[in-house]
Protein chains: 2
Amino acid sequence: MPWSNSRNSELLERARRVIPGGMYGHESTALLPSDFPQFFSRASGTRLWDVDGNEYIDYLSAYGPNLFGYGNVDIEAAARRQAELGDTMTGPSYLMVELAEAMVSMVSHADWAMFCKNGSDATSMAMTIARAYSKRRKILVATGAYHGSQPWCTPNRTGIVDDERKQIITYEYNNLESLEAAVRSAEGDVAGIFATPFKHEVFADQLIPSEDFAKAVRKICDNLDAPLIVDDVRAGFRLARDCSWSILGVEPDISCWGKAIANGHPISAMMGSQRFYAAARSIFATGSFWFSAVPMAAGLETLRLIRETGYLESTVELGNRLRAGLEEQAVSFGFSLRQTGPVQMPQILFHEDPDMRLGYAWVASALKHGVYFHPYHNMFLNAAMTAADIDQTLKASERAFAELKAERTRIPANENPLVLARLKIAR
Amino acid sequence: MPWSNSRNSELLERARRVIPGGMYGHESTALLPSDFPQFFSRASGTRLWDVDGNEYIDYLSAYGPNLFGYGNVDIEAAARRQAELGDTMTGPSYLMVELAEAMVSMVSHADWAMFCKNGSDATSMAMTIARAYSKRRKILVATGAYHGSQPWCTPNRTGIVDDERKQIITYEYNNLESLEAAVRSAEGDVAGIFATPFKHEVFADQLIPSEDFAKAVRKICDNLDAPLIVDDVRAGFRLARDCSWSILGVEPDISCWGKAIANGHPISAMMGSQRFYAAARSIFATGSFWFSAVPMAAGLETLRLIRETGYLESTVELGNRLRAGLEEQAVSFGFSLRQTGPVQMPQILFHEDPDMRLGYAWVASALKHGVYFHPYHNMFLNAAMTAADIDQTLKASERAFAELKAERTRIPANENPLVLARLKIAR
């Protein structure tokens with residue numbers, strides 16, 4: 001069946017009438033090459049089908065939630081068993097206690113857990129707990145770091161008033177001097193410091209933090225008696241079976257989790273050490289569906305798979321295989337790639353591609369050969385992937401490189417104003 | 001089987017070690033009579049079972065999400081069918097468009113819809129859209145009204161800094177003079193006005209707004225060219241098949257929805273009129289699970305039942321039957337009840353009960369006879385309830401009144417410091 005997108009186009013038209021802009025947030029296709037489908041009909045394992053029936057090997061993994069493959073049999077069986085009993089009830093099931101116990105047993109720094117729905121819920125609660133503990137106000141975050149879409153952290157300032165951002169101070173990721181300057185500028189009023197596991201910004205190379213930087217942040221927080229908060233919403237359990245900064249030998253005070261902890265079932269979490277128990281207890285936080293039992297059942301089974309399978313090592317191995325294969329292909333077709341980030345969360349950008357026309361054309365071509373890559377957002381391998389998936393991906397990417405080489409001089413400039421604006425910010 | 005709560009007590013002990021305070025938010029039992037179970041094992045139709053196996057007719061309906069009975073056959077079938085295809089994928093399914101179309105067709109004032117997860121997501125987005133539209137800052141909310149648990153609206157100020165609340169001005173619900181004074185104090189900087197369908201505060205009588213008040217709010221918003229935002233998260237589709245203020249002949253510009261729109265599946269929504277489409281399009285809002293397909297499938301089926309069944313009329317009829325029966329019993333046992341709010345969302349408080357010892361003892365007694373009432377939070381009837389459920393409830397409540405009468409002079413004072421603090425606020 002030849003690739004087509006007529007049903008998607010029809011849905012986009014209908015969507016524009018009843019959904020502002022036709023879509024919003026990170027799943028909008030407004031910044032993607034124009035052929036990218038926005039609506040999907042099915043997902044299974046490593047595969048995703050759009051509403052026109054086109055099949056893709058999906059390297060977005062639902063932007064992170066899919067850790068063990070879509071519809072993982074064990075996790076879905078656990079979810080279904082609980083759904084028969086009850087999901088959103090007048091209180092939680094006993095699974096809430098078991099899930100908190102399981103998380104605490106796996107995350108070294110943590111003695112307690114709280115569950116919520118969005119990543120933004122977890123980061124906003126962490127901010128409030130930091131202030132409740134320290135009785136101070138300023139929150140330090142890295143420039144450009146994404147900590148959610150609440151007013152204090154949304155990357156888009158439209159509709160945001162200055163007061164909502166007044167107590168936020170930025171520092172440059174992986175830059176100790178800049179962090180120290182931010183601390184000084186807070187004049188003794190630092191409530192807490194946020195850090196992401198690695199720098200994973202859109203439209204930009206990813207950056208792994210140095211051990212020295214991470215250890216220095218830890219020390220600064222100790223000196224200030226303010227919490228170090230690692231926002232592991234995006235990367236949690238993809239880099240380690242523990243909080244992501246455990247790889248660097250650093251334990252935060254509070255960590256934020258989400259996306260993958262229940263393999264796509266909606267739940268996020270915040271965890272902390274005993275020192276912050278009283279502060280965590282003192283704040284108010286709630287949501288209608290936060291205590292639903294089905295995502296907790298799915299979470300417990302996901303955590304079991306994290307503990308008992310080689311999912312992490314296998315994903316790293318396949319990520320290396322993909323990166324090496326793409327590098328070899330790029331060179332052989334006369335292109336130069338910037339492949340950054342951990343191999344299981346790869347970012348692929350092109351050198352000498354200031355308006356990203358090469359990158360956009362390459363992913364659009366790969367799409368038509370059955371691979372869903374992303375031109376500016378980090379991707380996520382999942383544990384259902386096999387060597388055969390990587391090999392099939394590399395066959396598609398090779399065809400995409402060949403097409404890119406043939407078309408190179410004829411690719412039109414990227415004229416999407418939203419993309420050009422974002423590229424300006426990223427630089 | 002006699003009522004017992006030993007397994008619940010064990011779980012509470014375990015919970016305190018790994019969850020701050022053992023629980024948080026509106027589902028914590030810290031403010032409830034000490035016997036109230038916190039953990040549940042099962043729910044079906046109108047019934048809820050706690051972890052000790054005690055069965056209750058549940059008048060909390062999961063604090064609102066349960067509109068058509070737990071595990072409604074049609075809704076769960078739709079959810080299961082979609083779960084087989086995919087839930088959280090790299091983008092939404094076509095169901096997102098269909099759900100937006102269905103909501104728009106049912107809610108008179110609305111031309112577009114956005115979906116999210118928490119009620120707080122919807123109210124925070126509405127606030128941001130109001131500011132994006134008006135380019136002004138101040139948000140007017142009624143004193144004591146609950147609009148969620150984000151920093152700008154949480155009822156608990158612990159960990160909240162003044163700047164997060166600086167642009168919020170309060171007015172007295174149903175009091176036009178007070179609202180006008182709030183508008184004046186904003187000095188031309190009103191971005192939007194929030195109102196709840198009725199005053200549904202904890203520990204207090206509920207209050208229905210007057211038509212005059214609602215129409216005056218509408219007029220003020222028109223004069224200011226600032227949106228009237230009705231927060232229908234708690235009451236949506238419980239008072240009307242349209243936005244709740246449609247009963248008063250008033251259409252808001254933006255409405256916030258949640259809880260019941262997918263009968264317990266996690267999804268919330270915000271809707272608006274065409275005038276606010278561009279502003280809604282201009283903000284950034286997203287969350288990892290906002291575009292999941294299963295809650296949208298459940299939502300579509302819930303909306304169908306709302307349109308095609310007599311659920312609303314039946315719930316009102318049963319609510320009246322319950323209210324009349326309780327009133328008669330109270331009088332015959334020498335008590336005087338304050339039954340306020342719409343009958344389908346009843347609040348039951350006792351006259352001459354300043355520390356609520358009578359109310360607490362009565363609900364604790366009803367609990368042991370198989371009815372889960374709430375002593376200080378509005379309750380929610382659901383459409384699975386029948387006259388037989390109400391009659392069984394009235395048998396239990398009669399035994400509870402009899403016990404209350406027998407024990408009346410021996411009931412100890414309410415010494416829960418959290419409760420006493422809340423009672424102080426409510427007065």
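A salt bridge is a side-chain nitrogen of Lys or Arg within 4 Å of a carboxyl oxygen of Asp or Glu. By that criterion, 47 salt bridges occur over all chains of this predicted model. One of them joins B:Asp35 to B:Lys368, with the closest N and O atoms 2.1 Å apart. B:Asp35 sits in the loop between α1 and β1 of chain B, and B:Lys368 belongs to helix α10 (residues 357-368) of chain B, so this pair ties together parts 333 residues apart in sequence. Side chains of opposite charge can pair when their charged atoms come close.

Salt bridges also span the two chains. Between chain B and chain A the count is eight. Among them is the pair A:Asp163 and B:Lys166, whose side chains meet at 3.9 Å, N to O. That distance falls inside the 4 Å cut-off. Polar contacts were counted across the interface of chain B and chain A as well. The rule gives 40 residue pairs, both members at pLDDT 80 or more.

Several elements of chain B give two or more residues to the side that touches chain A. The helices are α1 (6-18), α2 (73-85), α3 (95-106), α4 (119-134) and α7 (277-282). The strands are β1 (40-44) and β4 (112-116). The largest share, seven residues, comes from α1(B). By class, the chain B side that touches chain A holds 47 nonpolar, 27 polar and 22 charged residues.

The extent of the contact was then computed. Chain A contributes 96 residues, and chain B contributes 96 residues. About 8300 Å² is buried between chain B and chain A. Carbon and sulfur atoms give 59% of that area. Within chain B, the residues that lose the most area to chain A are B:Tyr24, B:Thr90 and B:Phe284. Together these three account for 10% of what the chain B side buries.

Twelve cavities of 30 Å³ or more were found. The largest cavity holds about 140 Å³ of space. Its lining comprises 18 residues. Those nearest the centre of the largest cavity are A:Met125, A:Phe284, A:Ala285, B:Ser149 and B:Gln150. Helix α4 (residues 119-134) of chain A gives the most to the lining of the largest cavity, with four residues. By class, the lining has ten polar, seven nonpolar and one charged residues.

How values were computed: Residues are numbered from 1 along each chain as its sequence is written. Chains are lettered from A and ligands numbered from 1 in the order in which they are written. This is a predicted model: local features need pLDDT of at least 70, side-chain atom pairs count only at pLDDT 80 or more; totals for chains, interfaces and linings use all residues. Side-chain values use heavy atoms; hydrogens and water are left out. On a 1 Å grid over the protein atoms alone, a cavity is a set of points where a 1.4 Å probe fits but cannot get out, and a pocket is an open set with protein on both sides within 12 Å along at least five of seven lines; lining residues have an atom within 4 Å of a point. Grid points are joined across faces, edges and corners, and a volume is the space filled by probe spheres set on the points. Ala, Val, Leu, Ile, Met, Phe, Trp, Tyr, Cys and Pro count as nonpolar, Asp, Glu, Lys and Arg as charged, and the others, Gly among them, as polar. Contact means heavy atoms within 4.5 Å. Buried area is the accessible area (1.4 Å probe) that two parts lose on being put together, summed over both. A polar contact is a pair of N or O atoms within 3.5 Å; within protein, one must be able to donate a hydrogen and the other to accept it, and residues adjacent in sequence count only if both atoms are side-chain atoms.
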